[in-house]
Amino acid sequence: MNVAKLMEPLELDLLTPETDLTREVTGGCVCDLLSFVMARGEAGMAWITVQTHLNVIAVASLHEFSCVIVAEGCAVEPETLAKAAEEGIPVLRSALSEYILSGRLYALGVR
Amino acid sequence: MERTEKETTYQETRRVQKGDFAAAGQISASYKNMLKRLGVDSKVVRRLAIASYEAEINLAIHTLGGSMTIIVYPDHIFLVVEDTGPGIADIALAMQEGYSTAPEEVRMLGFGAGMGLPNMKRCSDTFEITSELGSGTTIRMGFNLLN
Ligand SMILES: Nc1ncnc2c1ncn2[C@@H]1O[C@H](COP(=O)(O)OP(=O)(O)OP(=O)(O)O)[C@@H](O)[C@H]1O
Ligand SMILES: [Mg+2]
């Protein structure tokens, strides 16, 4: 499973056009507390969150997550997207809730 | 364990300003890149990056500012995090998972789970914290490179 294949089922818009969507998605993580994500994160995870500030990218990059999925259509600051592009972390956004997004990700076989 | 200068592969000190969230994470990212280049085991790089990220964020949120020093030896790495206050009154309490005094505005950003210090301890091979109210806190973390 790669990031590109999540776009349709999770109803995602890509906010970082220049990033690589062939990154393998090897797990998922749904959390809005950064230290929890720091503690539990593993490389390749798709991270579903409503946090959108710069530190989200710092955490995603340190863990080498496959992508960040912003739920609930939350606004994402341009600085966050610039940093994501620089770090090569795809940021995608959906109007769906974290609950629905994680359900769909799980149903796609991402465990 | 006294070490001579000669054995030091690399040493660097960088400052973290109070309230500088935008920059927080940069030092950890640079450690990660540098250690990868030096060929350090990726699991160790990962643990060190997590610990240093938590330290960096804590300096920005909880302190008046401070510094992070990384010292790389052939067989281990030290990370020393120092700040100039306000200090921690009860270290045992601060070390408990879930304990946090983070203000509301940083909780809104997803900080304040009270997991940072426990994360640092879990990720390092040796962890020492000393603090004096009014003067500051020092955290020393060690990471073994050979085992
Ligand atoms: N360098 C420091 N100086 C003063 N107080 C500190 C320092 N580091 C930690 N503390 C205190 O210890 C508490 C716990 O720190 P810890 O990093 O575990 O959690 P947090 O920063 O509050 O939340 P999180 O790290 O999960 O975002 C802090 O809320 C703060 O009260
Ligand atoms: Mg913390």
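Is A:Ser102 buried, exposed or partly exposed, and what is its relative accessibility? At 24% relative accessibility, A:Ser102 counts as partly exposed, a class that lies between buried (under 20% relative accessible area) and exposed (over 50%), with a 1.4 Å probe and protein chains only.

This is a predicted model, in which local features need pLDDT of at least 70 and side-chain atom pairs count only at pLDDT 80 or more, while totals for chains, interfaces and linings use all residues. Residues are numbered from 1 along each chain as its sequence is written, chains are lettered from A and ligands numbered from 1 in the order in which they are written, and side-chain values use heavy atoms, with hydrogens and water left out.

**Three residues of chain A**

A:Ser102 sits in helix H4 (residues 98–107) of chain A; helices (H or I, at least four residues) and strands (E, at least two) are DSSP runs, numbered from the N terminus. Not counting residues up to four places away in sequence, A:Ser102 touches A:Val30 and A:Ile48, where contact means heavy atoms within 4.5 Å. The side chain of A:Ser102 also reaches the backbone oxygen of A:Tyr99 at 3.0 Å.

A:His63, in the loop between helix H2 (54–62) and strand S4 (67–70) of chain A, is buried, with a relative accessible area of 1%. A polar atom of the A:His63 side chain lies 3.0 Å from the backbone oxygen of A:Met38, and a polar contact of 3.0 Å joins the side chains of A:His63 and B:Arg46. A polar contact is a pair of N or O atoms within 3.5 Å; within protein, one must be able to donate a hydrogen and the other to accept it, and residues adjacent in sequence count only if both atoms are side-chain atoms. Leaving aside neighbours within four places in sequence, the contacts of A:His63 include A:Val37, A:Gly41, B:Arg46 and B:Ile50.

A:Asn2, in the segment before strand S1 (13–14) of chain A, is buried, with a relative accessible area of 14%. Its side chain reaches the backbone nitrogen of A:Ala4 at 3.2 Å, and, apart from neighbours within four places in sequence, A:Asn2 is in contact with A:Leu21, A:Thr22, A:Arg23, A:Glu24 and A:Val25.

**The site of ligand 1**

Ligand 1 is surrounded by residues from chains A and B, so the site is shared between chains. Of the 22 residues around ligand 1, A:Ser35, B:His62, B:Ser100, B:Thr101 and B:Gly112 come nearest, a residue being near if one of its heavy atoms lies within 4 Å.

| Residue and part | Distance to an oxygen atom of ligand 1 |
|---|---|
| B:Asn58, side chain | 2.8 Å |
| B:Thr101, side chain | 2.5 Å |
| B:Gly112, backbone | 2.7 Å |

Taken alone, ligand 1 exposes 600 Å², and the protein buries 96% of that; these accessible areas come from the Shrake-Rupley method with a 1.4 Å probe. Helix H2 (42–62) and helix H5 (116–123) of chain B are the elements that give two or more residues to the shell around ligand 1.

H5(B) is mostly covered, as six of its eight residues are buried, among them B:Gly116, B:Leu117 and B:Cys123. The buried residues of H5(B) pack against helix H1 (34–40) of chain A together with H2, helix H3 (91–95), strand S4 (126–132) and strand S5 (136–144) of chain B.
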